[in-house]
Amino acid sequence: MSGFETGALEELRQVESELNTRWPETKIEPSLDRIRALADILGDPQATYPVVHVGGTNGKTSTSRMIDALLTRIGLRTGRYTSPHLQLATERISVDGAPIPPERYVEIYRDVEPYLSIVDARGDVPMSKFEVLTGMAFAAFADAPVDAAVIEVGMGGSWDATNIADGRIAVITPIGLDHVEYLGGDLAGIAEEKAGIIKPDAVALFAQQDPAVEQVLLRRCAEVDASVARFGSEFGVIQRDIAVGGQMLRLQGLGGEYDEVFLPLHGAHQAANAALALAAVEAFFGAGADRRLDVDAVREAFATVSSPGRLERVRSAPTVLVDAAHNPHGAEALAKALDEEFGFRKLVAVVGVMQEKDAVGILSALEPVVQEVVLTSNSSPRALDPDLLAGIAVPIFGEDRMVVQPHLVDAIEEAVRLAEESDDGDVVSGGGVVVTGSVVTAGDARALFGKEPS
């Protein structure tokens with residue numbers, strides 16, 4: 001690494017240290033006043049480009065990356081704001097399909113920094129880290145400038161800092177239980193909050209939803225006179241065939257069928273995300289009623305899609321996969337993909353979760369498809385203690401199918417050993433390891449295997 005690069009990373013760490021003095025993303029005070037005040041001082045950068053707003057519970061980042069790839073291939077300059085990051089904070093703010101460089105991240109922060117104290121002084125609660133990052137993203141996209149921005153909701157919807165952007169296209173991925181300490185445990189109530197990103201006269205596109213959730217979303221659309229398109233009705237997946245390195249799809253879009261679409265990602269949930277992303281981009285360009293996007297452009301865009309930390313292979317022989325599933329809904333999708341698309345002789349899971357997450361739900365979803373589990377921790381101070389996690393796991397897996405390794409590097413090493421071990425102790429091939437339970441766990445694992453942030 002050059003001295004310049006080292007210096008830029010040092011400055012990035014300094015900025016992150018300053019941002020970490022603010023409220024973390026796990027602590028919120030529902031109000032858009034602070035982010036609106038910052039945006040006003042900055043000249044409302046979020047109003048200078050059209051926005052595709054992506055909310056929901058699971059699949060937001062993958063869907064955002066697909067939308068970004070499609071818009072880029074069709075010829076637009078894009079900005080993409082996603083959260084949380086896997087390894088490096090710069091992953092959150094992308095321009096032209098790639099994270100901004102560390103030095104640019106620092107520059108944007110220093111540009112907005114003088115105004116933060118002004119906003120902080122106006123109320124009892126200072127700006128949170130997420131609010132500052134959102135303002136930075138809005139400013140970065142205006143400075144680029146971008147032709148369109150794909151903005152992922154951080155948490156919830158109505159009160160999320162991203163919601164000051166006027167998303168003409170509102171994308172709602174599957175809604176399930178997550179962040180219950182803030183959003184509550186009532187699915188309809190969670191949907192009510194997430195529906196807040198659907199703006200007057202917007203086009204709203206829904207993934208397949210629980211019927212109670214769909215009713216809430218449809219009611220919101222009726223209230224604000226938004227147009228609606230739903231997975232399984234106006235768009236969807238017609239055919240899905242497992243292929244080497246991913247899957248081959250035939251998709252129903254708003255404007256017609258798109259066949260021979262190769263998606264280099266695994267799982268039926270990613271196929272559904274692809275259909276949702278396609279419909280969102282069709283709506284962005286006004287396609288529909290037998291007017292579709294260029295099929296070759298769609299094929300080329302999807303073929304380039306990557307989604308780091310989402311059933312990502314980081315090693316072969318034995319195969320080690322990394323997945324950021326961090327709630328029961330995500331773990332269920334992961335388990336289904338592992339069962340349908342990988343023929344492992346033996347599969348071992350390495351699991352590290354956060355204190356506030358539903359560890360019972362995550363472990364229960366994984367149990368039917370893995371033979372053994374190694375319980376561990378990650379680099380976050382909010383990581384659940386592995387011994388406490390073990391206590392949760394005993395009724396689900398039984399003591400004979402679980403091991404505790406407090407450090408992730410040791411846990412992965414142990415899992416590899418177990419995956420390669422036969423019942424009589426011999427080393428055999430065909431085993432696999434999946435590292436999951438948290439975005440942080442997935443990011444830490446990627447770093448251990450030398451994967452660059454992307």
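Does Arg446 count as buried or exposed, and at what relative accessibility? At 4% relative accessibility, Arg446 counts as buried, where buried means under 20% relative accessible area, exposed over 50% and partly exposed in between, with a 1.4 Å probe and protein chains only.

The model is predicted, so local features need pLDDT of at least 70, side-chain atom pairs count only at pLDDT 80 or more, and totals for chains, interfaces and linings use all residues. Residues are numbered from 1 along each chain as its sequence is written, and side-chain values use heavy atoms, with hydrogens and water left out.Arg446 is found in helix H15 (residues 439-448). Helices are DSSP runs of H or I with at least four residues, numbered from the N terminus. The side chains of Arg446 and Glu312 are joined by a polar contact of 2.6 Å. A polar contact is a pair of N or O atoms within 3.5 Å; within protein, one must be able to donate a hydrogen and the other to accept it, and residues adjacent in sequence count only if both atoms are side-chain atoms. Leaving aside residues up to four places away in sequence, Arg446 touches, among others, Leu86, Gln87, Pro308, Glu312 and Lys451. Contact means heavy atoms within 4.5 Å.

Gln270 lies in helix H9 (residues 268-284). Gln270 counts as buried, at 2% relative accessibility. Its side chain makes a polar contact of 3.2 Å with that of Ser62. Beyond four places in sequence, Gln270 touches Ser62, Met66, Gln247, Leu263, Leu265 and Arg310.

Two helix pairs follow. Packed helices are described by the angle between their axes and the distance between the axes. Axes are lines fitted to C-alpha atoms, for helices over the stretch in contact, and angles run from 0 to 180 degrees between N-to-C directions.

Helix H11 (residues 328-341) packs on helix H12 (residues 359-366) at about 10°, with the axes 8 Å apart. H11 and H12 are therefore roughly parallel. Angles under 35 degrees count as roughly parallel, over 145 as roughly antiparallel, 65 to 115 as roughly perpendicular and the rest as oblique. Pro328, Ala331, Glu332, Leu334 and Ala335 in H11 meet Gly361, Ile362, Ala365 and Leu366 in H12. The contact holds seven nonpolar residues, one polar and one charged. Ala, Val, Leu, Ile, Met, Phe, Trp, Tyr, Cys and Pro count as nonpolar, Asp, Glu, Lys and Arg as charged, and the others, Gly among them, as polar.

Helix H2 (residues 33-41) and helix H4 (residues 102-121) cross at roughly 135°, and their axes come within 10 Å. H2 and H4 are therefore oblique to each other. On the H2 side, Arg34, Ala37, Leu38 and Ile41 meet Tyr115, Leu116, Ile118 and Val119 of H4. By class, this contact has seven nonpolar, no polar and one charged residues.

Definitions and conventions: Helices (H or I, at least four residues) and strands (E, at least two) are DSSP runs, numbered from the N terminus.
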